[in-house]
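Student: Could we walk through this structure together, one question at a time?
Tutor: Gladly! Have a look at it, and then ask away.

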Protein chains: 2
Amino acid sequence: MTIGLDMMGGDFAPLEAVKGVLEYFQQGNSSATVVLIGDESKLEPLLSEYKIPADKIKVVHAVQVIDMHEHPTKALKEKQKSSIAIGFQLLAAGNIDAFISAGNTGAMLVGALFSIKALEGVLRPTISTIIPKENGGTGLLLDVGLNADCKPEQLNQFAIMGSVFAQTILGIENPKVGLMNVGEEEGKGNILCQATYPLLKENKHINFIGNVEGRDVLMDKADVMVCEGFTGNIILKLAESLYDIAQSKKIQHEYFDRFNFENYGGTPVLGVNKPVIIGHGISQAKSFKNMIVLAQKMIDKNVMQRMKDELV
Amino acid sequence: MTIGLDMMGGDFAPLEAVKGVLEYFQQGNSSATVVLIGDESKLEPLLSEYKIPADKIKVVHAVQVIDMHEHPTKALKEKQKSSIAIGFQLLAAGNIDAFISAGNTGAMLVGALFSIKALEGVLRPTISTIIPKENGGTGLLLDVGLNADCKPEQLNQFAIMGSVFAQTILGIENPKVGLMNVGEEEGKGNILCQATYPLLKENKHINFIGNVEGRDVLMDKADVMVCEGFTGNIILKLAESLYDIAQSKKIQHEYFDRFNFENYGGTPVLGVNKPVIIGHGISQAKSFKNMIVLAQKMIDKNVMQRMKDELV
């Protein structure tokens, strides 16, 4: 198993990426070779300094970097020798089994959508977020911003992909799927929800429990919560702000610590045929380590194939 | 000035409504006659017990009550002698200047939309919520559920109505208006936002500051935040749940206390030609008092006329 990591992506690259790789190998369960993609002259001294085991990595030199604020499509096209472009080239060619970057989010999305293929039958890939539940559990919300406008059929697919992810990666057996909505009963909501509800109800691949409302997001009602990317993105960013507010007001509570989304490593793109994980720009060592662990788990559990099987 | 109050609406009616009326008269600034609409046989003993000043109230007997779970349109039609139906009859006839109830929300909305008139030119009335800002200030979010699907022109009107409300009632001079969205720059977002942004930008009646994201909701970026009722309702109910979570986890902090939406009394329907205020079902005395105070303020400041002037 081979996992590609963009060493130049994120505010604290390459140092924190190198430290993350070390942490990955130091935890007991590392089984992948990590392909480090980036500027060799910057990487080599750090790899020596942090004593990264040479037999477990491979360095692929990239002379260019796509900056955080570059136009995604333009940058990917013009910077073919950037770490992100090379990562997707390696992924598409089958030289790596997964690709991770904390760099330009737009470029990662464009790369995921166009360099590798969507799973057969998938209308649109999606991105999700972990939701820290009030009872200590973990939920999944999707889409959180890749698809601002959606059709009912897309939401129906998100429900399946979210269920598979919740089962295989979050370890939730028979995850409860809820439709984000503004009322409890069938028939409530906007036009999209009214059209989506019957599809979810008929869907044999998921355990649909009905509508969930804003008050249920942090509660135990549903494990997988489905919405278009507009609503999902607003919920995600509001949730992220709670951590900052708790910090600034010196409210110390383990629950709010769980709103530190850096802990979760990154967001996998679901619905494409190979794992692509997009990290926060502010990723530190722990995030990089967690992203590599997530990629390994997604490969191990054959998540993409299982999604494909359920989507048929 | 005459304010009508449904004494039978809400889980703790009529007792808490009576106590709320008393609190209203006990605070220094009461200038309205309050018309108490409800079952006389239940009201009279309480009015005596709580020594409600007889010269400042008027009791209007209502033999029926619309229950919390009745179908709004059906109930309003069939229960013409219910406290809510009578309230709207009095309001439409000009016998009261405002109407308040913590009863069946749907019936209150139907009554507001069909018993009295929308302001001239208003496409759709709207409901809003107070947002407790992290810096101690107060924001306004609208729509929060009356209009799950919206057109750009409606959002543009919500921006104007929200601005007038923020100025006159919240006391915010030249309120900053933001469009709830999933990105900062013009052109970002779903189809609705992309079409709404240019309207807000051209709107001379508001101080438009651009897009606001989920992370800005609780921050100081915008005073008035505009969205369709689907997103707004999810944000509102998520915010409400924060208070419950803080309570259940025994997180004591004045900031989270401000997420106790009961404190704010109720939600005025904006865009109709007279003040209608809808309270929480769980309203207690303080909520009832605050709703009467809000109605008085809305009449005093001539909020509806000012909205009408700005909407032209």
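**How the chains meet**

Student: How many residues of chain A are in contact with chain B, and with how many of its residues?
Tutor: Two residues are in contact if their C-beta atoms, placed from the backbone, lie within 7 Å. Counted that way, chain B takes part with 30 residues, and chain A with 29 residues.

Student: Before we go on, what kind of model is this, and how are things numbered?
Tutor: It is a predicted model, in which local features need pLDDT of at least 70 and side-chain atom pairs count only at pLDDT 80 or more, while totals for chains, interfaces and linings use all residues. Chains are lettered from A and ligands numbered from 1 in the order in which they are written, and residues are numbered from 1 along each chain as its sequence is written.

Student: Which helix of chain A gives the most to the side that touches chain B?
Tutor: Helices here are DSSP runs of H or I with at least four residues, numbered from the N terminus. With 11 residues, the top contributor on that side of chain A is helix H8 (residues 229–248).

Student: How far apart are the C-alpha centres of the two domains of chain A?
Tutor: The bounds come from an automatic or database domain assignment. For chain A it gives domain 1 (1–120 + 271–304) and domain 2 (123–262). The distance between their C-alpha centres is 27 Å.

Student: What do we call the arrangement of H1(B) and H10(B)?
Tutor: Axes are lines fitted to C-alpha atoms, for helices over the stretch in contact, with angles from 0 to 180 degrees between N-to-C directions. The axes of H1 (residues 15–26) and H10 (residues 285–300) of chain B come within 7 Å and cross at roughly 50°. Angles under 35 degrees count as roughly parallel, over 145 as roughly antiparallel, 65 to 115 as roughly perpendicular and the rest as oblique. So H1(B) is, relative to H10(B), oblique.

Methods
Helix = DSSP H or I, 4+ residues; strand = E, 2+ residues; numbered from the N terminus.
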